[in-house]
Amino acid sequence: MKVSVIVPVFNCENYLEKCLLSLLNQTQKDMEIIAVDDGSMDNSLAILRQYERDYPKQLKVFAKENGGQASARNLALKYAKGEYYGYVDSDDWVEPDMYEQMIKMADENESDIVICDMVDHYPNKTIYHHSSEFQNKFMVTPSACNKIFKSSFVKCLQFPEGLWYEDFEYTTKALMLTDKISCVAKGFYHCHCREVSTMINHNAPKNLNMIHVLDHLYDFAIEQKLQKKYKDDLEYLVLEHII
């Protein structure tokens with residue numbers, strides 16, 4: 001299996017089909033889609049089950065009690081068989097050749113991570129993010145969704161459960177483990193930006209979860225004996241995300 005694409009799902013009945021179809025119609029055929037319903041209270045699980053019946057070879061569906069996006073992703077990782085991992089949020093969608101092009105780039109360059117550009121879609125505007133352009137690898141957008149990760153080097157990683165900024169922790173740990181990073185300057189990943197989105201908020205106490213995440217990153221650097229190598233980068237991350 002070339003790539004496993006993981007989709008955590010929670011109350012996204014109005015957007016889920018567009019997301020699923022964008023994955024089921026990928027030009028990359030050697031792939032699996034693992035969707036985890038995280039205790040949805042709408043028709044999301046019913047939609048997932050119908051697509052699982054229609055596309056049994058491509059889509060696997062799991063259901064669990066609500067525990068947050070990180071717990072849904074971690075459950076899917078237990079079953080993922082792909083050489084690469086990808087992540088897509090259930091209210092977003094991707095271009096049809098996203099995974100074919102990114103895997104081609106990874107194979108050609110023996111990359112552990114490949115990054116593409118992102119496009120944010122608001123009700124009244126669209127914003128293109130040149131996420132593939134950066135001066136330092138720790139300055140990349142922390143989203144896990146505009147990337148693929150080679151499974152052999154991220155097997156040790158999980159998303160932190162019960163905290164916001166789980167993408168930031170997962171992605172930064174992965175970036176610490178490799179310099180074999182490639183980029184594709186194309187807007188393959190499309191974000192449907194809703195007012196109820198996690199990152200559009202005024203919840204100060206939850207924003208303080210960043211402190212716990214940065215503590216985890218320091219501990220990880222020590223565990224991996226990388227604290228000296230990334231001393232300046234870790235200080236930059238504190239300044240960028242806290243100060």
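A residue is called buried when its relative accessible area is under 20%, exposed when that area is over 50%, and partly exposed in between, with a 1.4 Å probe and protein chains only. By this definition Phe149 is buried, since its relative accessible area is 0%. The structure is a predicted model, in which local features need pLDDT of at least 70 and side-chain atom pairs count only at pLDDT 80 or more, while totals for chains, interfaces and linings use all residues. Residues are numbered from 1 along each chain as its sequence is written, and side-chain values use heavy atoms, with hydrogens and water left out.

The protein chain contains 9 helices and 9 strands; these are DSSP runs numbered from the N terminus, with helices (H or I) of at least four residues and strands (E) of at least two. Its radius of gyration is 17 Å, close to the 18 Å that the globule rule gives for 243 residues, so the chain is as compact as a globular protein of that length. The radius is taken over C-alpha atoms, and the globule rule is 2.2 Å times the number of residues to the power 0.38. Along the principal axes, the C-alpha trace spans about 50 × 45 × 35 Å. Of the 243 residues, 51% count as buried. Among contacts (heavy atoms within 4.5 Å) with a separation of 6 or more, 79% are made by residues 24 or more positions apart.

Aromatic rings were examined next. Rings of Phe, Tyr and Trp (its six-membered ring) form a pair if their centres lie within 6.5 Å; planes under 30 degrees apart count as stacked, over 60 as edge-to-face and the rest as tilted. The whole structure holds 8 aromatic pairs. In one of them, the ring centres of Tyr87 and Phe149 are 6.2 Å apart and the planes stand at 65 degrees, so the pair is edge-to-face. Tyr87 belongs to strand β4 (residues 84-87) and Phe149 to strand β8 (residues 147-150), so the pair ties together parts that are 62 residues apart in sequence. Tyr87 counts as buried, at 0% relative accessibility. Tyr87 also pairs with Phe159: the centres are 5.1 Å apart and the planes at 80 degrees, so this pair too is edge-to-face. Phe159 lies in the loop between α5 (151-154) and α6 (166-176), 72 residues from Tyr87, and the pair links distant parts of the chain. Both Tyr87 and Phe159 are buried. Together with Phe149 and Tyr170, these two residues form one aromatic cluster.

Val154, in helix α5, is buried with a relative accessible area of 1%. Apart from neighbours within four places in sequence, Val154 is in contact with Tyr85, Phe149, Tyr170 and Ala174. The C-alpha atoms of Val154 and Val213 are separated by 18 Å, and the two residues are 59 residues apart along the chain.

Two charges over rings were also found. A charge sits over a ring if NZ of Lys or CZ of Arg is within 6 Å of the ring centre and within 35 degrees of the ring normal. The charged end of Lys18 is placed over the ring of Trp93, at 3.7 Å from its centre. Lys125 lies over the face of Tyr122, 5.2 Å from the ring centre.

In α2 (residues 44-54), Ser44, Ile47, Leu48 and Tyr51 are buried. These residues cover an arc of only 100 degrees around the axis, which puts them on the same side of α2; the arc is that of the directions from the helix axis to the C-beta atoms. They pack against β1 (3-9), α1 (16-24), β2 (31-38) and β3 (59-64). In α9 (residues 231-241), the buried residues are Asp233, Leu234 and Leu237. Seen down the axis, they fall within an arc of 100 degrees, so they line one face of the helix. Asp232 and Leu239, on the other side of α9, are exposed. The cover over the buried residues of α9 includes α6 and α8 (209-223).

The structure holds 0 disulfides, a disulfide being a pair of cysteine sulfur atoms within 2.5 Å. For Cys12, the nearest cysteine sulfur is that of Cys19, 8.4 Å away. Cys12 counts as buried at 2% relative accessibility. For Cys193, the nearest cysteine sulfur is that of Cys191, 5.6 Å away. Cys193 is buried, with a relative accessible area of 12%.
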